[in-house]
Each structure stands twice: as C-alpha cells, then as structure tokens.
Amino acid sequence: MTDGISGEAEMTFLGALVESTVETLRTMAMLEASCVRQCREPECGLGWDVGARMALTSGGAGCIGVATGMECARKIVGRIVGQEAAEVDDDEASAGLAEVLNMIAGNAKTRLAGTPQHFELSLPEPWKGRTDAPCEAPAKGLTAVFDVEGAAFAVCAHMG
Amino acid sequence: MIRSIVAQAGEVIGCGTLEAADGASGLAVLEKESGNVGLILLDWNMPGMDGLEVLKKLKADKRFADIPVMMVTTESERDNILKAIMEGADAYLTKPFAVEDLITKINECLASATHGEGK
C-alpha cells in the first residue's frame with residue numbers, strides 16, 4: 001500500500017531502504033520482514049517505543065530512522081547477538097537498533113550509488129520513549145512499515 | 001552489538017577478543033596489548049577518528065603495521081573498499097553479514113598471517 005508517495009526520486013529512495021531493511025533483518029537476525037505500507041510520516045498513525053535516527057547529507061540535510069515496539073526490538077537484537085529476547089534490556093535494544101539502522105542506511109547508500117539520491121551517513125543515535133514521529137521528519141518525510149513476524153517495524157527518512 | 005558478535009565468533013574459533021568503542025580507545029588498547037593481537041577488526045564509521053584514519057595510523061606505526069586488519073563496515077561502495085585496501089587493509093567484510101562469513105574471513109586472515117610469518 002502506498003499513500004501519497006509519488007515521483008521517481010522518492011520511490012527510488014524508499015525502494016532502496018525497503019530492500020536494505022529486508023536484507024539486513026534477514027541476514028543479521030534471520031527474520032523475514034515484509035513491507036506492508038509506505039506513507040508520509042505524519043500519516044503513519046502508529047506509535048513507537050524505541051528506535052534510532054541519524055543525519056544524512058545529500059543535496060541538503062536529511063535524516064533516516066528506524067522505530068518499533070520494545071518487544072520487537074528485543075527480538076531483533078536478541079536474534080542478532082544470540083540471546084533470548086527477554087535477556088535484552090531496553091538500553092541494549094535501543095543501542096542494537098542503532099546498529100541495525102547503520103546497516104540499513106549503509107546498504108541503501110550502496111544501492112543508491114550513482115543516483116541523485118545517494119547520500120553520506122553520520123553516526124546513529126538511539127532513542128527510547130513513546131513517539132509518533134520516529135524520524136522527527138517534516139511533512140515530506142517518508143515511512144515504510146514492515147511486518148516482522150507480526151510486529152510493526154518502521155523505516156523513515158526525509159531528504160532536504 | 002557487532003563487538004558482541006565478533007567476540008562470539010572469536011570464541012567459536014578459539015580466540016580471545018579485546019574491545020574498544022572507538023578508534024582512540026582501540027589504539028590505546030593496542031599500546032598495551034599489541035604483542036597479543038593477531039588480527040584487528042575495524043569499523044569505518046566511529047565517533048572521533050573514522051576507521052580509515054585509524055587504519056592509516058596503524059600502518060604508519062612499526063609496532064602495529066604487521067598486524068592484519070579486517071574492515072567490518074557498512075561502507076560497501078567500491079571506492080571506499082579500494083581506499084581501505086590501498087591503505088593496507090587485508091580483508092573487507094560489509095555489514096550486514098552472516099556470522100559464518102565473519103568466521104570464515106577471520107580464519108582466512110589468521111591463516112594468511114601465519115603463512116606470511118613462515119616465509
């Protein structure tokens with residue numbers, strides 16, 4: 001489902017993020033993620049507990065982020081480090097998601113090499129706490145929502 | 001998180017690991033432990049010095065220059081890989097990776113280093 005997203009540039013950018021998310025979660029966490037919705041961030045209508053964001057630079061300044069519920073974050077990080085989800089505490093979950101974001105962004109950056117959407121990364125910053133806007137993006141921010149074994153996981157981005 | 005995975009990979013192949021959160025800390029660890037270090041795994045995107053800067057410092061220092069370095073990083077574009085190789089990186093593993101691939105690369109690096117010593 002694609003809500004209000006148009007234009008080749010946006011589709012290219014979001015497409016790279018979707019493919020990178022699927023590859024990262026499959027390779028590192030052995031979790032299958034399927035993209036169930038693409039939308040403008042303020043239209044997303046979902047609340048999130050934990051995630052990470054990083055600034056990126058392209059033609060202008062932008063940001064990219066991931067967000068999910070705490071239970072899903074613990075499952076993802078637990079799978080990656082070989083622990084039960086219950087053994088992963090909140091800080092480890094948010095720090096782990098920062099590394100997951102780093103991998104998703106790095107993978108997407110490679111996919112976008114040679115295109116106008118190519119960007120440079122910064123360092124990811126983890127966050128915790130209920131929010132509706134994981135990327136703190138303006139209205140033009142894009143979000144892809146994934147189903148990860150029954151839990152919602154979002155990747156959001158906006159380019160300046 | 002990646003340091004935890006590397007430590008687990010080290011356990012699998014029977015190697016201990018020393019960890020550092022950034023380049024400056026890593027160089028400080030090496031100052032104390034270089035005689036016990038057989039392989040350096042180095043990320044690219046780190047706070048402070050990036051991995052390429054750390055790599056240059058390692059290869060410019062006679063005490064560390066012969067220790068093989070594997071870059072383990074999200075920087076997977078050809079130009080960056082070439083930069084790292086040109087600066088003396090011995091191997092390059094891009095994230096995301098399967099743990100099996102990490103173990104294979106570590107073993108290859110260690111075997112290559114051992115083989116080199118025997119020449």
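**View 1. Strands β6(A) and β7(A) run antiparallel and are joined by seven bridges.** The model shown here and in the other views is predicted. Across this pair, Ala144(A) stands opposite Val155(A) of β7(A). The two strands form a hairpin with two residues between them, and Glu149(A) takes a positive phi near 45° there. Of the eight residues of β7(A), six are buried, so the description "mostly covered" applies to a strand whose buried residues each have 20 or more other C-beta atoms within 10 Å of their own.

**View 2. Strand β7(A) is also joined to β3(A), by six bridges.** This pairing is antiparallel. Ala67(A) has Ala154(A), in β7(A), as its bridge partner. Strands of a sheet pair through backbone hydrogen bonds, either parallel or antiparallel.

**View 3. The largest nonpolar core has 48 residues.** The members that touch the most others are Leu17(A), Val66(A), Ile76(A), Ile104(A), Ala154(A) and Ala157(A). Among the elements that give two or more residues to this core are the helices α1 (8–29), α2 (70–81) and α3 (90–111) of chain A, together with strands including β3 (61–68), β6 (142–148) and β7 (151–158) of chain A. The largest share, eight residues, comes from α3(A). In soluble globular proteins, nonpolar side chains tend to be buried together.

**View 4. Contacts of Ile104(A), leaving aside its neighbours within four places in sequence.** A second, separate core of 21 residues includes Ile2(B), Val54(B), Leu55(B) and Ile106(B).

**View 5. Three strands of chain B form an open, parallel sheet in the order β1-β2-β3.** β1 (40–42) and β3 (91–94) of chain B are the edge strands, each pairing on one side only. From one strand to the next, the twist averages 20°. Strand β2 (residues 69–73) of chain B is joined to β3(B) by four bridges. Within this pair, Met70(B) has Ala91(B), in β3(B), as its bridge partner.

**View 6. Helix α2 (residues 23–33) of chain B has three named buried residues: Gly23(B), Gly26(B) and Leu30(B).** They lie on the same side of α2(B) because they cover an arc of only 60° around the axis. On the other side of α2(B), the exposed residues are Ala28(B), Glu31(B) and Lys32(B). The cover over the buried residues of α2(B) includes α3 (51–60) of chain B.

Key: Residues numbered from 1 in each chain as written. Chains lettered and ligands numbered in written order. Predicted model: local features only at pLDDT ≥ 70, side-chain atom pairs only at ≥ 80, totals over all residues. Buried ≥ 20, exposed ≤ 12 C-beta atoms within 10 Å, placed from the backbone. Arc of directions from axis to C-beta. Contact = placed C-beta atoms within 7 Å. Core = buried A, V, L, I, M, F, W, Y, C linked by C-beta atoms within 7 Å. Pairing = 2+ DSSP bridges. Axes fitted to C-alpha atoms, helices over the stretch in contact; angles between N-to-C directions.
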